[in-house]
Amino acid sequence: MPSSSPRTVEEIFKDYSARRSAVIRALTNDVDEFYSLCDPEKENLCLYGHPDESWEVTLPAEEVPPELPEPALGINFARDGMNRKDWLSLIAVHSDSWLLSVAFYFGARLNRNERKRLFSLTNDLPTIFEVVTGRKPVKDKPSGDIGSKSRNSKRSIDGQIRTNNKVHDASYVEDEDEHSETLCGSCGGNYSANEFWIGCDICERWYHGKCVKITPAKAESIPQYKCPPCCTKKSK
């Protein structure tokens with residue numbers, strides 16, 4: 001793996017996001033150009049998204065094994081034999097798989113929590129398939145009822161502060177099971193019902209209150225919570 005390869009979760013996610021943006025542009029805004037480049041008369045072609053957010057239709061790498069996982073091979077061969085939308089959707093699905101394989105290739109040396117965090121970051125974004133087909137991603141339903149054994153306040157996706165009173169509610173166990181796979185956007189740790197969590201109103205990621213230095217009392221006074229990554233993006 002080259003020394004210049006992304007190594008931290010943040011670096012890998014940045015690389016993933018840039019490649020994803022490039023592929024999405026090829027399959028949407030630049031789709032006519034992309035379509036014309038995928039000539040079935042040419043040899044096996046691949047769609048590459050690059051870290052500088054550029055895209056390229058070209059032959060696969062000659063090295064065996066390749067330096068990085070390769071995207072789907074021969075995307076041009078099926079172009080004229082399929083409905084255009086179906087063809088683009090198929091390429092989108094393969095591109096989603098390729099992006100994840102590249103991200104976790106770079107993340108091979110990450111620990112368990114870092115891998116969880118990386119997946120959480122990538123999973124928060126709509127897939128290329130969802131973008132290309134216009135499908136809305138099905139979101140989990142983190143609500144103000146998460147993490148409330150001690151009646152902690154919790155910020156819901158719609159930005160309202162809700163106080164949970166479900167300590168003795170029969171549906172409490174179901175809520176806990178539903179959100180057991182929720183991961184903290186900062187440390188990558190699993191959701192625990194006896195800890196205070198807060199959700200970002202911008203990106204909708206969830207965080208341990210302690211990881212972002214927000215207490216239940218402080219959350220009550222915040223009209224709209226922005227997590228550290230979202231605050232950083234706005235300041236750039």
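Two strands count as paired if DSSP finds at least two bridges between them. The structure described here is a predicted model.

**The hairpin**

Strands β1 and β2 pair in the antiparallel sense, with four bridges between them. Together β1 and β2 make a hairpin in which five residues separate the two strands. In the turn, Glu53 has a positive phi of about 70°. Across the pairing, Leu47 stands opposite Val57 of β2. Strand β2 covers residues 55-58 and has two faces: Trp55 and Val57 lie on the covered face, whereas Glu56 and Thr58 lie on the uncovered one.

**Aromatic pairs**

Six aromatic pairs are found in a search of the whole structure. Two of them are set out below.

| Pair | Centre to centre | Angle between planes | Arrangement |
|---|---|---|---|
| Phe13 and Tyr16 | 6.4 Å | 15° | stacked |
| Tyr48 and Trp98 | 6.3 Å | 90° | edge-to-face |

Phe13 and Tyr16 are three residues apart in helix α1 (residues 9-27), and therefore about one helical turn separates them. Both Phe13 and Tyr16 are buried.

The rings of Tyr48 and Trp98 count as edge-to-face because their planes stand at 90°, and the cut-off for this class is over 60 degrees. This pair links distant parts of the chain, since Tyr48 belongs to strand β1 (residues 46-49) and Trp98 to helix α3 (residues 84-106), 50 residues apart. Tyr48 has a relative accessible area of 10% and is therefore buried. Trp98 is likewise buried, with a relative accessible area of 4%.

**A cluster and two charges**

Phe34, Tyr35, Trp55 and Trp87 form one aromatic cluster. The ring of Tyr35 has the charged end of Arg79 sitting over it, 4.5 Å from the ring centre. The charged end of Arg84 also sits over the ring of Tyr35, at 4.6 Å from its centre.

**The second largest pocket**

Which residues lie closest to the centre of the second largest pocket? Of the 13 residues in its lining, these are Arg19, Tyr48, Leu68, Pro69 and Glu70. The volume of the second largest pocket is about 180 Å³. By type, its lining residues divide into eight nonpolar, one polar and four charged.

Conventions
Residues are numbered from 1 along each chain as its sequence is written. This is a predicted model: local features need pLDDT of at least 70, side-chain atom pairs count only at pLDDT 80 or more; totals for chains, interfaces and linings use all residues. Side-chain values use heavy atoms; hydrogens and water are left out. Rings of Phe, Tyr and Trp (its six-membered ring) pair if their centres lie within 6.5 Å; planes under 30 degrees apart count as stacked, over 60 as edge-to-face and the rest as tilted. Buried means under 20% relative accessible area, exposed over 50%, partly exposed in between (1.4 Å probe, protein chains only). A charge sits over a ring if NZ of Lys or CZ of Arg is within 6 Å of the ring centre and within 35 degrees of the ring normal. On a 1 Å grid over the protein atoms alone, a cavity is a set of points where a 1.4 Å probe fits but cannot get out, and a pocket is an open set with protein on both sides within 12 Å along at least five of seven lines; lining residues have an atom within 4 Å of a point. Grid points are joined across faces, edges and corners, and a volume is the space filled by probe spheres set on the points. Ala, Val, Leu, Ile, Met, Phe, Trp, Tyr, Cys and Pro count as nonpolar, Asp, Glu, Lys and Arg as charged, and the others, Gly among them, as polar.
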